[in-house]
Amino acid sequence: MKAGLSRRDFLMGSGALVVSFSMTPILDPWALAQGPFDTHRSHIDPEKLDSWIAIGSDGAVTGRTGKCDFGQGMYTAQTQLIAEELCVSLDRVRLVQCDTSITPDQGTTSGSQSTPTNFNNHGLAQAAATAREALINLAAQRMAVSPKVLTAAGGFVNAADGRSVSYGQLVSGKNLNLAVDPNAKRKAAANWSVLGKPVPSLDIRDLVTARFDFVHNVHLAGMLHGRMVRPPEIGAKVLSIDEKSVRRVGGIIKVVLRQNLVGVVAEKQMQAVQAAAQLKVVWSSGSDLPPQGDFYQHIRKQPSQDTLIVDSQDVDQKFSRAATVLKSTYAYPYQAHGSVGASCAVADVRGDKATLWSATQSVYPTRQIVAAVLGLQLENVRVIYMRGSGCYGLNGADTVSLDAAFLSHAVQRPVRIQLSREDEMAWGENYGAASVIDQRAALDRQGEIIAWECEPWAVSLGGRPGYDTPGNVISGALAGYEPHRITPRKASAPTGSLKNGSNAVPSYAAGSVGGTCYGTGTIRSERVLTHAVRSPFFTGPLRSPLRLQNTFAHECFMDELAAHAKADPVAYRLRHLREPRLMDVVKAVAKAAQWEVRPSPKANWDRKSTALGRGLACVAYEGDNGYVATVAEVEVDASSGRVRATRFVIAQDCGPISNPAGMRNQIEGGVLQGMSRCLGEEITWDARKITSTDWTSYHSLDLAIEVPEIECVLINRTDVLATGAGETAITVVAAAIGNAIFDATGTRLRQVPFTEERVKTAISNHSG
Amino acid sequence: MTAVSLKVNGAVHAVAVAPETPLLYVLTDELHLRGPKFGCGLAQCGACTVLIDGGPVRSCITPVSAVKSAEIITLDGLGTPEKPHPIQQAFIDEQAAQCGFCLSGVILTAKSFLDRNPRASDDEIRSALAGLLCRCFAHARMFKAIQRYAKMVRS
């Protein structure tokens, strides 16, 4: 691979450069954690068609996208999109993903926003539609006919009279020099022949035969290897470094120090590992961490940034008149992205230029961050995305990218940084946030819900760096940059429209703001007050951030209410919903799972045999970004506390489906990841440091598990906009398992993970 | 530095490395192979797996000096995109991957086990996969792909 930037790249970057700092006031720390994912102006103008689509002289189509594939199938789906709109076969399309010298700035690939951004009526889809119309118009001029009598197919524009001209002849490798036309017509889903079809993954052949280049496989001429030396305790600072301590290690190039960021650079990877182990650093003591045992109590007592999402102002009155008031508290731990590969990045910083090969999901924001921390001109920094180990959120990829930039800058040679497993898990990634959620509901005499109040506390520190906050990830903070921290603040009355991006408002609430109901439910008396609390650990948008935590609490609590009312959980939910798309997935999943209509728990468990149960959960992801319902079936062994899910049925509606095969893969992976997170995953710590630092101390389900049956019901709606599909299924898994355990045993679990010990104790306490 | 001769994917390579260097670093940094990956460096996840004389070995904790003249096969050497090994083809047929980072461990461990135990039951296959991680959780498809290969081995 060739290092550095070509002259042409710099010329491209030296025109009208628009540097866009994030100017939005930070109201929601969780929105910040997700990152900017819209299309932004940059030196590659997103309003120009040539920024997105190029037609070669051979008629091959090159697409350029700011949304990358990290295993979720975006490469294949976006290739399908271009092939569909340009009317060519898949093998005629080449897709370039996320390279700041080539692709438009589409912020971050995250938040289930790639499909809404690039598959509806803007971004890549609109550019591709514009290109097809442009080719037809060029052919019309050439043939002197109306574009209306022309059709595009197979890389040619064909006239009714039999004349035909190829894309290559029409464009002959030149730029199209047109603006993306906001009125260009997308092909109707009914006419799709490539998009919407179950196209197998385009990269799997290279993956299984090890021909695929991950960022870990980048080798540059003269490339050195670095390892990081992280503090022994959280908050510890460098007092002194004895560089002589690594003198005996061969191949040492440099010990690098930047505030509290310490690394070593050597000729060979092994030498860097040895030097990192041997380097003598004197650190100050770290700061005391709140004890894990009462962390959920601790966070309630902290100053918080409060947001009132809905408040009908009649909740207390309704509660005072209720026939029954039910209350519960749910707790969800910090969890790790825990990518199977520890993160890696390669930086080549020489003189006033830098190139970074990175698995960051945010190439443009990273470019701006790297330019800022190294003091380089923005146009002299190039960030090239290369896949890392799969990540649904913010693993160590961004942190290691900054590590590599700092170390390469220090030695002025290309440097590859590989994090160790401990670096990745304790000093690399931004954890999924811990949360504790109070629920309270008022029921009338018939058991119907007349008021719902929810109060979640969730921790936050840092997040995606965005364009201007390098301290949001660990290496940036170690190097002296401040992370975004919560500013305690009282809530004011909700204004504008409903902001339910974190699913803090349960699906059954009306979601009323300013007299308009934006929500999916019927309960008009509602109050949701969220508290964001400073976290002792860095946090980030782990797949379905807070949406999963909140949905776990809402859907389990809804199950408690249904049980209290002695109502069937499906029927009870449907009575409190009004959004047809959400109701439809609930009905579809119940039908496919052959749901037995009855209240939970199941009667007559003898407490000796394995208990069998089923549980349902549903959600309108982020309020309106995908609709999903799942039924989980479980076996619970009361003597050991072991829970085994035997079957999941999932019904999902994400609008028009780009690739049903890819969507099924996402659902299956989401369900099993959700199951692993629900049953075993939890970050642990002691007085001063993280103690879950490897796969013996952080518990992931391995390949030896008996995989549950997973059945998908895909509802393909072609009359609505496409929504995200990567985070829907996982959002409902913990709640469905919790509800199934309750159905089986009559025991309600309110704290994730449902470890064997916790399940056993809960069942035994329940019986006692 | 010592001169070490390694037989990898059918070819002999001479490299100059410290003898305690993990085999993984030699395969990736010196020979530029893409199959074995650094996952944990602790033999806890399987991403670095290679076959040595047909058996799965975690190359991240195996010093290169321990390999001697044994034959090393990595995922790169099992088949090609044009002519994948039957177990690789089974993974393609079942679409059994997401990011693909873990594949060396899953494919090579399963292949080695089934080649040696063609009549293994599903439970025995599962036991052989203990300690392998896929954090995209493509477990369901991977197990189907392995079962597909098991059928081929048996017939």
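Visitor: At what angle do helix α11 and helix α12 of chain A pack?
Guide: In this predicted model, helix α11 of chain A covers residues 363-374 and helix α12 of chain A covers residues 397-411. Two packed helices are described by the angle between their axes and the distance between the axes. Here the axes lie 11 Å apart, and the angle is about 35°.

Visitor: Is the crossing of α11(A) and α12(A) left-handed or right-handed?
Guide: From α11(A), the residues A:Thr366, A:Val370, A:Val373 and A:Leu374 make the contact. Those of α12(A) are A:Asp398, A:Ser401, A:Leu402, A:Ala405 and A:His409. By class, this contact has five nonpolar, three polar and one charged residues. As α11(A) passes α12(A), the crossing is right-handed.

Visitor: How far apart do the C-alpha centres of domain 1 and domain 3 of chain A lie?
Guide: The domain assignment places domain 1 of chain A at 35-207 and domain 3 of chain A at 435-767. Between their C-alpha centres the distance is 36 Å.

Visitor: Which element gives the most to the side of domain 1 of chain A that touches domain 3 of chain A?
Guide: Domain 1 of chain A brings 24 residues to the contact, and domain 3 of chain A brings 23. On the domain 1 side, α3 (74-86) and α4 (114-118) of chain A are the elements that give two or more residues. The element that gives the most, with four residues, is α3(A).

Visitor: How many charged residues has the side of domain 1 of chain A that touches domain 3 of chain A?
Guide: By class, this side has 11 nonpolar and 13 polar residues.

Notes:
Residues numbered from 1 in each chain as written. Chains lettered and ligands numbered in written order. Predicted model: local features only at pLDDT ≥ 70, side-chain atom pairs only at ≥ 80, totals over all residues. Domains from an automatic or database assignment. Contact = placed C-beta atoms within 7 Å. Nonpolar A, V, L, I, M, F, W, Y, C, P; charged D, E, K, R; others polar. Axes fitted to C-alpha atoms, helices over the stretch in contact; angles between N-to-C directions. Left-handed = near helix turned anticlockwise from the far one by under 90°.
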